[in-house]
Amino acid sequence: MEPIQLFVPTFRIEETLSEIRECLEKGWTGLGYKTIEFENEWKTFTDLPHAHFLGSATFGLHLAIHLFKHVEEWADGDEIITTPLTFVSTNHSILYENLKPVFADTDEYLCLDPVSVENRITEKTRAVIFVGMGGNTGQLAQIVKLCRDKNLKLILDAAHMTGTRWKNGVHIGGEADASIFSFQAVKNLPTADSGMLCFRNEAMDKEARKLSWMGINKDTFSRTTEQGTYKWHYDIEYEGFKYHGNSIMAAMGLVALQYVDQDNAYRRQISEWYDEMLKNEPRIRRIPMAPDCMPSRHLYQIEVDRRDEVMLALNQQQIYPGVHYRDNTSYKMYAFAKGTCPNAHRASDRIISLPLHIRLSYKDIARVCTSLKQTIQHLSS
Ligand SMILES: Cc1ncc(COP(=O)(O)O)c(C=O)c1O
């Protein structure tokens, strides 16, 4: 029996190699050149006004928080409301800046619940980070409104959201002050590691470009291509980071971008097959998609009783689902907030992400569903 893995990325190998070959032939693999091309293509794809290509989404989350803290003059210990159901880089990014993550609870979409967010707002609250779980917009529209009403910055962790659009066709991202997308190895737009930071505000985008290259105010590519000026006369305005992306990752991204809508459509098809095959099983709760979006479908998630046993039984049948995510307050370093988010905690013990990638066939999905239903039947008998 062939194993069925949670994620297997598909690379268009010849096209990708040809883009990478261009970098090698030109002798330019670093910042600039393909990174600029990719940023421009990304802006065309999403219609977002600014895009800065980075080494990862984690870098983007940190840079966004760092910049807001400095520009808005937030103090150490100021608070950012965030979710306990996420990959830890969302929450580590708050700590990198000596700010305090305040956890709000999640809703039926496994995204932040606006009512819980509102209840967590204090005098020290400066921002909210919303994670679009699996590409879902959840109640993002309400969170946008809340942030505007309360004058809070909204940071969208859109790591899963490449290709998620509102029902009117507009790509998500523009409603937040900063949106951060991940192109890590198994995301919908896979490279090896990279990400895109999209600010709404042009000045912030400009600052981010300096900060991601050690604070230097002229990047190496501009210095190489510009004529006649004193190229070595750059200045350093602040202590920056080495967070920028490179042309090899951008070359991979440029090819993947051409296929992502088509790939996401197939992900939605797979999700419909799962929906259809699991809909009559009352012991499985399928995590719904918000009605106002066309999701990227990075994940297909369900909730079941006795999750760990279900996972082990599936593994024995060569089916390898995943868990996104464990409640971050169950980790030692976020244990100060343990018990504050009962919905997230309950979900954390029950959720499963079923295999979802574009190499899976209808037959594969049928195999996963049959095994899952038999396992649940067996465990409850
Ligand atoms: C929700 C979420 N946020 C942030 C990240 C970080 O992305 P990257 O690996 O590109 O740093 C990930 C990646 O797994 C993620 O799933």
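How much space lies in the largest cavity? I found about 100 Å³. A cavity here is a set of points on a 1 Å grid over the protein atoms alone, where a 1.4 Å probe fits but cannot get out. Volume is the space filled by probe spheres set on the points, which are joined across faces, edges and corners.

**Ground rules.** I am working on a predicted model, where local features need pLDDT of at least 70, side-chain atom pairs count only at pLDDT 80 or more, and totals for chains, interfaces and linings use all residues. Residues are numbered from 1 along each chain as its sequence is written, and side-chain values use heavy atoms, with hydrogens and water left out.

**Cavities.** I looked for cavities of 30 Å³ or more and the structure holds two. The largest is lined by 14 residues, with Val8, Pro9, Thr10, Lys187 and Arg267 closest to its centre. A lining residue has an atom within 4 Å of a point. I sorted this lining by class: seven nonpolar, three polar and four charged. Nonpolar means Ala, Val, Leu, Ile, Met, Phe, Trp, Tyr, Cys and Pro; charged means Asp, Glu, Lys and Arg; the others, Gly among them, are polar.

The second largest cavity holds about 80 Å³. Thr10, Asn188 and Tyr259 are among its lining residues. Helix 9 (residues 247-278) gives the most, five residues. Helices are DSSP runs (H or I, at least four residues), numbered from the N terminus.

**Pocket.** Next I checked the largest pocket, about 330 Å³ in volume. A pocket is an open set with protein on both sides within 12 Å along at least five of seven lines. I noted 21 lining residues, with Phe87, Ala159, Ser182, Gln184 and Lys187 nearest the centre. Helix 3 supplies the largest share, three residues.

**Ligand.** Where does the ligand sit? It sits in the largest pocket, by the test that more than half of its atoms lie within 2 Å of the grid points. The elements giving two or more residues to its shell are helix 3 (57-71) and helix 4 (89-96). I counted 17 residues around the ligand, and Thr58, Asp157, Ser182, Lys187 and Tyr325 come nearest. Near means a heavy atom within 4 Å.

A polar side-chain atom of Thr58 lies 2.5 Å from a ligand oxygen. A side-chain N or O atom of Asp157 is 2.7 Å from a ligand nitrogen. A polar side-chain atom of Ser182 is 2.7 Å from a ligand oxygen.

Conventions. A polar contact is a pair of N or O atoms within 3.5 Å; within protein, one must be able to donate a hydrogen and the other to accept it, and residues adjacent in sequence count only if both atoms are side-chain atoms.
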